[in-house]
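Hi,

Here is the structure I promised to pass on. Have a look at it first, and then read on for what turned up.

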There are 2 protein chains.
Amino acid sequence: MSHLYRPKSVCHAGVALFSAAGAAHDKALATAESLVTSSLMGHDSHGIIRIPDYLRFVEDGSIVSNADTTIVRTGPTTAVADCGRGFGPVGAARAVTEAIDLAGEQRTACVITRRCNHVGRLGAWVQMAADQGMIGLATCNSPIYGHFVLPWGGREGRLGTNPIAYAVPTGGAPIVSDFSTSVAPEGKIRFHRNEGKPVPDGWILDSAGQPTNDANEFYGPPKGGILPLGAGAGHKGFALSLLVEILGSALAGISSKDSEVFGNGVCFIVLDPSAFCPLDEFCRLMDDMILYMKSSEPAPGLEEVLVPGELEFRTLQQRQVDGIPIDDKTLIGLREHGRRLNVDIDELLIPKDNS
Amino acid sequence: MSHLYRPKSVCHAGVALFSAAGAAHDKALATAESLVTSSLMGHDSHGIIRIPDYLRFVEDGSIVSNADTTIVRTGPTTAVADCGRGFGPVGAARAVTEAIDLAGEQRTACVITRRCNHVGRLGAWVQMAADQGMIGLATCNSPIYGHFVLPWGGREGRLGTNPIAYAVPTGGAPIVSDFSTSVAPEGKIRFHRNEGKPVPDGWILDSAGQPTNDANEFYGPPKGGILPLGAGAGHKGFALSLLVEILGSALAGISSKDSEVFGNGVCFIVLDPSAFCPLDEFCRLMDDMILYMKSSEPAPGLEEVLVPGELEFRTLQQRQVDGIPIDDKTLIGLREHGRRLNVDIDELLIPKDNS
């Protein structure tokens, strides 16, 4: 069960909790806003259900709630953002801002992170680039304990679900794409297990490398694995996932097998389209391209072609009106952390019905 | 039927033909070597079968055989390569060389092409970056007449097969990945039609948007379309394909719908890994990563996990010994152009048996 709450009130509750956990106001606000926006855009798996998780990580010391992100420029167009084990959204925002600034100066830039926690919705950060008239590309890998995904032709996990995101400015809402390079993220398999439903064909193999629809065969023990994107052309998904791993590990000077490594390896590449085409003309061409894509007759049973990000921006508008769903488990988690941190969650959260 | 020929002799024949068609020696050599290498690496569809095609394009004026590529730097890290409708491999090599040079100066760079013909195997050009210790990324779109690929949820083609390629240096052979962002390239569907074989499930839709295994339903009329990479997760393939289209069209100031536009839009992004990690350490970490991927037990029926490019480099070694296959149709084409251009193909081509 879940109930709907006023988005601003959820943000206030998040800020209060993160502040009580030791974050300065700006860091608490950036983290809460980022998670609430993910929920508003329909990415509940990367949204407010993470608030209790993040607070638990502060409790166990794996998140340093008030850590500053330190930027070290390593060349005319490159920098490393040491996120100091702080909240991931704080580090990611600082890193992509640096990439945007560098690209503003030099037209292209690349910034990578170290000691960066879970960054939430990767698309949020490239969207910051698009909002500044830049093309943003991002990849995010996982340390070895998140290697659920099979290399093509293998039956032992060697890669994370390794998302790729990009965003591009237009005359209207930006194009924002953000997807795992596996067939599906692990969270969706967990969802099927929790619901007692069979996992769709082509998602997972059991530990012997045989196709299965039973989520328990994936979780084991012995563990199975998630297939890379692409079905019969899974070598393509594997290649994409490997690129994400390269940009997240080797480029940062980290071994893929290092079990001591902390956090996600994020790589931001930002391009200034005005190096090639005046920005207003570029945005006009993007609007034309979107119309051209959407001018395709829909396939049977579908209503229209949607470009990346379009569904999310619609959901955002809808949920700003309807409210954000919070499931009971998350609500219990918020209350527990609230009691511990002396934050009255039920006073802060305003149900949509009462608004 | 095809017969095997000595690779060097095929290259000599290509050089003689392209030279006779008006290209200076360096341009003829670059083009012939590029196509022969594609065949050596097993990418026959992008190899020497293209020699007669390229010569026909010179004949009809769409390729200007001795065109120079003009580089215009548009910022500290960016350039446009105007390939002047010359041979695609000549333009692509010049464009990526500029990107490598710029990245050598500034650590990141982006170079796009205009008036660029078919560039052959896209992986060849990013491999040039890896050979210089750089990470190379490339995308290549098609003008509207190549829009065979369906947007996700649509039933009318709006995109090319839009390949993405990347290459990364290691301690040994580089990682080289090069794949279309559709389920399959158009050439493979043509192959199934020519062989009278059913197209595999999940590759194409007919003009009504219904799945079909009949290649003729794809070619029409009325035309069907090729599905984007990803099967049930085809929104991911569509997002990748759209990124390729954005970097090939809008970034170059070109409309996706412009039926007058000439050639492929290639975008090269080059990163210098030494901005983040000393190159020898980076290469050592890459070698470790490759071993880690290959340490996965293979899935049932398979012998080993292969990393991107591994199969191609094996094929290269094998074909350097065994020779390159030339099919009868291509041989006839080579002879016809040879007669027209006063080049004795049968004197130049040395069958492997006679070597």
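Let's start with a pair of helices in chain B. Helix H3 (residues 50-59) of chain B packs against helix H11 (residues 328-341) of chain B at an angle of about 35°, and their axes are 8 Å apart. The crossing of H3(B) past H11(B) is left-handed. On the H3(B) side, the residues that meet the partner are B:Ile51, B:Pro52 and B:Leu55, and on the H11(B) side they are B:Thr330, B:Gly333, B:Leu334 and B:His337. Sorted by class, that contact has 4 nonpolar residues, 3 polar ones and no charged ones. Do keep in mind throughout that this is a predicted model.

Now for the place where the two chains meet. Chain A and chain B each put 72 residues into the contact. On the chain B side, the elements that give two or more residues include strand E2 (70-75), strand E4 (108-114), helix H8 (234-248) and helix H9 (279-294) of chain B. Which of the elements gives the most there? That would be H9(B), with 8 residues. By class, the side of chain B that touches chain A is made up of 43 nonpolar, 19 polar and 10 charged residues.

Helix H9 of chain A is worth a look too. H9(A) covers residues 279-294, so to speak 16 residues in all, and reaches 22 Å from its first C-alpha to its last, close to the 22 Å expected at 1.5 Å a residue. Its buried residues include A:Phe282, A:Leu285, A:Met289 and A:Tyr292. What do the buried residues of H9(A) pack against? They pack against strand E6 (163-168) of chain A, together with H8 of chain B.

Then there is the nonpolar core. The largest one has 242 residues, and A:Phe268 and B:Phe268 are those with the most contacts inside it. Leaving aside neighbours within four places in sequence, A:Phe268 is in contact with several residues, among them A:Val96, A:Cys110, A:Trp125 and A:Ala138.

A few backbone details next. A cis peptide bond joins A:Gly220 and A:Pro221, with omega at about 0°, and A:Pro221 lies in the loop between helix H7 (215-219) and strand E10 (225-226) of chain A. In chain B, a cis peptide bond joins B:Gly220 and B:Pro221, again with omega at about 0°. B:Pro221 sits in the loop between helix H7 (215-219) and strand E10 (225-226) of chain B.

Two residues of chain A have a positive phi without being glycine. For A:Arg115, phi is near 45°, and this residue is in the loop between strand E4 (108-114) and helix H5 (122-131) of chain A. For A:Ala231, phi is about 50°, and the loop that holds A:Ala231 runs between E10 and helix H8 (234-248) of chain A. Are they buried or exposed? A:Arg115 counts as partly exposed because 19 other C-beta atoms lie within 10 Å, whereas A:Ala231 counts as buried because it has 22.

Last, find A:Asp327 in strand E12 (residues 324-327) of chain A. The C-alpha atoms of A:Asp327 and A:Met1 are separated by 5.6 Å, although the two are 326 residues apart along the chain. Neighbours within four places in sequence aside, A:Asp327 is in contact with A:Met1 and A:Ser2. With 14 other C-beta atoms within 10 Å, A:Asp327 is partly exposed.

Over to you!

Notes. Residues are numbered from 1 along each chain as its sequence is written. Chains are lettered from A and ligands numbered from 1 in the order in which they are written. This is a predicted model: local features need pLDDT of at least 70, side-chain atom pairs count only at pLDDT 80 or more; totals for chains, interfaces and linings use all residues. Two residues are in contact if their C-beta atoms, placed from the backbone, lie within 7 Å. Helices (H or I, at least four residues) and strands (E, at least two) are DSSP runs, numbered from the N terminus. Ala, Val, Leu, Ile, Met, Phe, Trp, Tyr, Cys and Pro count as nonpolar, Asp, Glu, Lys and Arg as charged, and the others, Gly among them, as polar. The expected span of a helix is 1.5 Å times one less than its number of residues. A residue is buried if 20 or more other C-beta atoms lie within 10 Å of its own, exposed if 12 or fewer, and partly exposed in between; C-beta atoms are placed from the backbone. A nonpolar core is a set of buried Ala, Val, Leu, Ile, Met, Phe, Trp, Tyr and Cys residues joined through C-beta atoms within 7 Å. Axes are lines fitted to C-alpha atoms, for helices over the stretch in contact, and angles run from 0 to 180 degrees between N-to-C directions. A crossing is left-handed if the near helix is turned anticlockwise from the far one by less than a right angle, and right-handed if clockwise.
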